[in-house]
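Here is a short briefing for a first look at this structure. Start with the sequence and the 3D view, then read on.

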Protein chains: 2
Amino acid sequence: MTETKPIRAKADDNVVFVGKKPTMSYVLAVLTQFDNNKEVHVKARGRSISTAVDVVEAVKNKFVRDAKSQVAIGTEQVEDETGRKLNVSTIDITLTK
Amino acid sequence: MTETKPIRAKADDNVVFVGKKPTMSYVLAVLTQFDNNKEVHVKARGRSISTAVDVVEAVKNKFVRDAKSQVAIGTEQVEDETGRKLNVSTIDITLTK
């Protein structure tokens, strides 16, 4: 049988999804990704968008001072528990060192 | 005496500061600004950053479909009640129709 999971993990290697953990745990994740990549994507949806910006600003101001960021925003459709479709805002910040 | 206040109000004409009000009230403010300007800045700090993205996405998806957005993020220093300096993340989204 073909093992597809490791390939997908590889493709997501330089992506950090920001959720409800403390900001610094995502900063650490970004710094770890920067060890092997010149470019790291910091992604978030909904209320976590503010935290994603905090993460990127912390990386730029405290750790990787020459890093550049480029921001893309968008909308995704998700289903809530009752199957109703909701629009949720997304952010994708590309950090390049 | 020179009246400086109206001049400042004029300069801020095409800026909408997003805070804790419902998203739709800021969407309305942006649409009002678009009546007189080709470019509107949607700005926010801290937790309101997520709402600012919601505002821009609502304007683009529901009202001004040909609008383009460009996003800049940054950090500002503010003082809390005790005078301690805190870093707060900022966002400035330029909407152009």
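Helix 3 of chain B lies across strand 2 (39–45), strand 3 and strand 4 of chain B.

- Four strands form an open sheet in chain B, in the order 1-2-4-3.
- The pairing in this sheet is mixed.
- Strand 1 (15–17) and strand 3 (68–79) of chain B are the edge strands, and each pairs on one side only.
- On average, neighbouring strands of this sheet are turned by 20° against each other, direction ignored.
- Strands of a sheet pair through backbone hydrogen bonds, in either a parallel or an antiparallel way.
- Strand 3 and strand 4 (residues 85–96) of chain B take the antiparallel sense, over 12 bridges.
- Which residue of strand 4 of chain B is the bridge partner of Gln77(B)? Asn87(B) is that partner.

**Chain A along its length**
- Chain A has three helices and four strands.
- Read from the N terminus, the elements of chain A follow the pattern α-β-α-β-α-β-β.
- Of the 97 residues in chain A, 27% are buried.
- Among contacts in chain A with a separation of 6 or more, 64% join residues 24 or more positions apart.

**Where the chains touch**
- 15 residues of chain A are in contact with 15 residues of chain B.
- On the chain A side, helix 3 (49–63), strand 3 (68–79) and strand 4 (85–96) each give two or more residues.
- Helix 3 of chain A supplies the largest share of that side, seven residues.
- By class, the side of chain A that touches chain B holds six nonpolar, six polar and three charged residues.

**Helix against helix**
- Helix 3 of chain A packs with helix 3 (residues 49–63) of chain B at an angle of about 115°.
- The axes of these two helices are 6 Å apart.
- Is the crossing of helix 3 of chain A and helix 3 of chain B left-handed or right-handed? The crossing is right-handed.
- Ile49(A), Ser50(A) and Val53(A) meet Ile49(B), Ser50(B) and Val53(B) there.

**Confidence**
- The average pLDDT of chain A is 90, and 88% of the residues score at least 70.
- Where pLDDT is low, predicted coordinates should not be read in detail.
- The model has an ipTM of 0.85 and a pTM of 0.86.

Conventions: Residues are numbered from 1 along each chain as its sequence is written. Chains are lettered from A and ligands numbered from 1 in the order in which they are written. This is a predicted model: local features need pLDDT of at least 70, side-chain atom pairs count only at pLDDT 80 or more; totals for chains, interfaces and linings use all residues. A residue is buried if 20 or more other C-beta atoms lie within 10 Å of its own, exposed if 12 or fewer, and partly exposed in between; C-beta atoms are placed from the backbone. Two residues are in contact if their C-beta atoms, placed from the backbone, lie within 7 Å. Ala, Val, Leu, Ile, Met, Phe, Trp, Tyr, Cys and Pro count as nonpolar, Asp, Glu, Lys and Arg as charged, and the others, Gly among them, as polar. pLDDT is the predictor's confidence in each residue, from 0 to 100. Axes are lines fitted to C-alpha atoms, for helices over the stretch in contact, and angles run from 0 to 180 degrees between N-to-C directions. A crossing is left-handed if the near helix is turned anticlockwise from the far one by less than a right angle, and right-handed if clockwise. Two strands pair if DSSP finds at least two bridges between them.
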